[in-house]
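Please look through the structure shown below, with its sequence alongside.

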Amino acid sequence: MTSLGSLAPAFKNAYLNGSGPELAAVLTPIAPSEDPGRLRSFYNFSTAEYLSKDLSYGLFHGKSLKLPKAEQAAWVDIFAAYWEAIGEILRCEDRIPGASVIAVFNAWKKVANALIRGYSGPAGIPAWTLPCLYTVGKYMRTFAINADLEAASQGSAGFGFQDDIAADVEKNANLEEAARVINRMFTLCLSDRAPLEESRKWGIYNMTNLLFKTYFKINSVGLTKNLLRAISASSADLPPPEVFPKSQIVTFEYYVGVIHFLDENYTEAEEHLTYAWKMCHRDATKNRELILTYLIPCHLVTTHTLPTKELLAPFPRLEKLFRPLSNCIRKGDLVGFDQAMSDGEAEFVKRRIYLPLERGRDIALRNLFRKVFLAGGFDEPKEGQSPVRRTRVHVNEFAAALRVGTSTSGRSRIDIDEVECLLSNLIYKGLMKGYIARDRGIIVLSKGGSAFPGTGV
Amino acid sequence: MSSSVPPWRSTAPAAMSSAFPPAAAPAYTPVQARRSLAHHTKPTNGMVPSQPTQSASPDTEGRARVEFPPPVRSYVQRCFAPENQVASVSIPEMQEKLRHVITEAAQNNKLGLIDWERLPLPQTMVQNERNKILANPSSSNWASSHPASPGDATRKRKSTDGHHSETGSPPWRKANRNRFEDRVTHPTTEKKPRITLDQSSKSKANLEMRRKRFEGVAGGGNSPSSPAGSPMRAADADQGPVVGRCQTLEKNYFRLTSAPNPDSVRPLPVLQKALDLLKRKWKQDGNYGYICDQFKSLRQDLTVQRIRNEFTVVVYEIHARIALEKGDLGEYNQCQTQLRVLYAQQLGGHPTEFKAYRILYFIYTRNWTAMNDALADVTAEDKKDLAVKHALDVRSALALGNYHRFFQLYLDTPNMGAYLMDMFVDRERLSALATMCRAYKPDVNIRFITEELGFESDEQTARFVLDNSSEELLEERNGAVRLLTGKAGSLFDQAKAAAHRVVDIKGQI
């Protein structure tokens, strides 16, 4: 009767080995491939009535594993909650009427709470078991997302005492709840004052990343700032990032980069994303692709550089996303640029890169005007001197360049004032050096190969 | 407010004026406080039955305006058919039950799913409930309160309980279940159960609480002598939205801290009249403080009754426009957020007009994350709309620093967008001047700036320049005033940076 199946020996072994990952594997809500019936046999071994007795007997009877009483009780609580959750999962699997993912989520949340109590309470579960916390947190997030989907399909409507109709806040009610619990896990890690060797501080980046992921999903990117603030406030007590597993730091830096990116702090964003890009495992193609999705627009804004063919070769999706735009920028093809922007708009907006990419139009414009300058040729060379480019260009010449390609598309005519406006913007942004002499209708460009800084002329 | 008694107040039903002392009638909070006290004092108990009877008919009227499918209508007709009446169930009781059934169905979007032909009539349901109570003697209250027991009434209660056990239970549900209202608004009543709890055993206290909770539904059966009392209690224990009984057109806004009192909530027909009154008053007096307050209470009444239809959209749209006109962006933003949800449900109104405002609003607040969301909301169809196209063009002109285009658009803004653009046009003028001063050398005619930056006159331009820089920058030459761009240095850059500091607006998400 009271046999926990393969679960009890797995727990004991993990504990005796002091292996966090092994222990976390015991708390997984998915049966291991070598023992597909584990969840079911574990669930069937007891009933709600005898659960705690059965568990304490099954886990701690015998001489092999001796734990303090409080810690034993904590694990019994955790596994009792786990047993309930497994029950809900099996009910869903068996499609028993009344079973629901929401119930699974709620049961799993109790596992998380029992675990949090186990760490923070008198039981003082040691820090080497932290992988359990990530595992439980990770699955809680998944269950919450599914529960939200289920709730949405049932179309439940709820109201508070609000003055206005509740907005779409409920869409993510379960995930928001999960975020709150994960946030407690975050605090649990950050605020541990035990000596560093046995501190839960080692779990901080893992928990932060999980929380970042969750906040992004519920569209509350603003909340990530609180985490960053908390981390930087206690940075003195944290081990340096280099000693954490690289994977955790890469993910962390990626998210920090994207958070800056969304705030239009492209310089900081570039710094963090570059770090993530350099540290990222070269086989993690999907992650590298994600980093580049934001790093490429960053580079366009900060250094006006475009991605090379070689860079994008391993990422056909990115090649497709950025290539048309890059070509138009390079050629100074404004009509093509506008077309490429509007073609890619849906995708750009979805990835939140539309606004920075739009700034690429300035670079396209700069390239076009540079061509006008080059086409202007050279002034009459003075005797004995090398020829000098003609640096006084009439506004009409730039206007003509802008009209190329637009005449057929029937767009609104371009008047001289607007051309001047575009020119003055380029000058203001430092993409062009010179000034507009409005009364004479000419642009006086800088001599000595610095009219278009960084482009060789 | 009491100085001019509007005609509708004098026509208020007699029951109302007898229930409330006339002095207390106009304001709502004092009335509410009084009522809560009355809950436990005997003499005022007598007033309770008088209200539901007088309000029952407008109630059903209000409901009837909502579009119900034909099977529901025929179900309602059958309820009122004389041959279906049951002597032991009074009409108000039946109406209350009917309201319950339909509200619940409408809330859960089950209007189309329920088999109305076969659903028992409300009078039958009430009878069944009573029989169940009779079958279970009072000593076995335990059994009857178990959600497992079948029957329509208990099934309904069960669904509430079931919801409650889940974490996402909305506050009003919790409130009703725990008799939150009793505890919050009548502090005196809290003591009584506490004392009994101390004296008696815990299980007995539980039984007592269960019985109290049950009174809401079963009360009608237990005390047939006061049949009209049951709707009153039922409304408290109700699981659905409130259905208002208030006939007053005007109402001051108070933030809700407990479950709304149906007596101070206006049903839809009254709200519609109230809106007409407000529109008239806005035109006549233009008193924004008053109008805003009234609109807030109007919105609150709509929300607590969960009215979401074209009327709701109209209310929010009008309030949003008035707030825009008065530059009350906090209030405007609240309306805009709600409108976005309402438009998503295809309830009519003017979605493109407000999508355009939304974009302009985010330009003003410089909220790029929200702007990205707003852009994601714009469909290809929307882009054909003049206002949406205008707003998108404004956004793109600003993003590229194309002040020339921006000010052309500014002078030709559809709808009420100009109110929003006025909020950031000076900011953009400073940006443009900073750019121009860097690019144009050595000076430009002020006439040019007037035209480029949408000023009304050269005088206005000169004033603006002087306000934001120093007078050395202007020089009169050959009968024209010129801006000495070469000498401006970083003056306009500083002014621009100051103007672009983060905009903070109350009520912003």
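What follows is a walk through selected features of this model, which is a predicted one.

Among the contacts in chain B with a separation of 6 or more, 67% are made by residues 24 or more positions apart.

Within that chain, helix H16(B) runs over residues 268-284, and its 17 residues reach 24 Å from the first C-alpha to the last, close to the 24 Å expected at 1.5 Å a residue. The buried residues in H16(B) include Leu268(B), Val270(B), Leu271(B), Ala274(B) and Leu278(B). Because these residues cover an arc of only 135° around the axis, they lie on the same side of H16(B). An α-helix has 3.6 residues a turn, so residues three or four places apart point the same way. On the face of H16(B) turned away from the buried side, one finds the exposed residues Asp276(B), Arg280(B), Lys283(B) and Gln284(B). After the helix comes Gly286(B), whose phi is positive, near 60°.

Two packed helices are described by the angle between their axes and the distance between the axes. The axes of H7(A), residues 131-154, and H8(A), residues 173-190, come within 7 Å and cross at roughly 165°; angles over 145 degrees count as roughly antiparallel, and H7(A) and H8(A) are therefore roughly antiparallel to each other. Their crossing is right-handed. Among the residues of H7(A) that take part in the meeting of the two helices are Leu133(A), Gly137(A), Met140(A), Ala144(A) and Ala151(A), while the residues of H8(A) that take part include Ala173(A), Ala178(A), Val181(A), Ile182(A) and Met185(A).

Arg352(A), in the loop between helix H16 (334-350) and helix H17 (354-358) of chain A, has a phi near 60°, a positive value in a residue other than glycine. With 21 other C-beta atoms within 10 Å, Arg352(A) is buried. Arg366(B), which sits in the loop between helix H20 (351-365) and helix H21 (368-377) of chain B, likewise has a positive phi, near 55°, but this residue counts as partly exposed, with 16 C-beta neighbours inside 10 Å.

Finally, the peptide bond from Lys441(B) to Pro442(B) is cis, with omega near -10°, and Pro442(B) lies in the loop between helix H25 (417-439) and strand S1 (444-445) of chain B.

Conventions: Residues numbered from 1 in each chain as written. Chains lettered and ligands numbered in written order. Predicted model: local features only at pLDDT ≥ 70, side-chain atom pairs only at ≥ 80, totals over all residues. Helix = DSSP H or I, 4+ residues; strand = E, 2+ residues; numbered from the N terminus. Expected span 1.5 Å × (residues − 1). Buried ≥ 20, exposed ≤ 12 C-beta atoms within 10 Å, placed from the backbone. Arc of directions from axis to C-beta. Axes fitted to C-alpha atoms, helices over the stretch in contact; angles between N-to-C directions. Parallel < 35°, antiparallel > 145°, perpendicular 65-115°, else oblique. Left-handed = near helix turned anticlockwise from the far one by under 90°. Contact = placed C-beta atoms within 7 Å.
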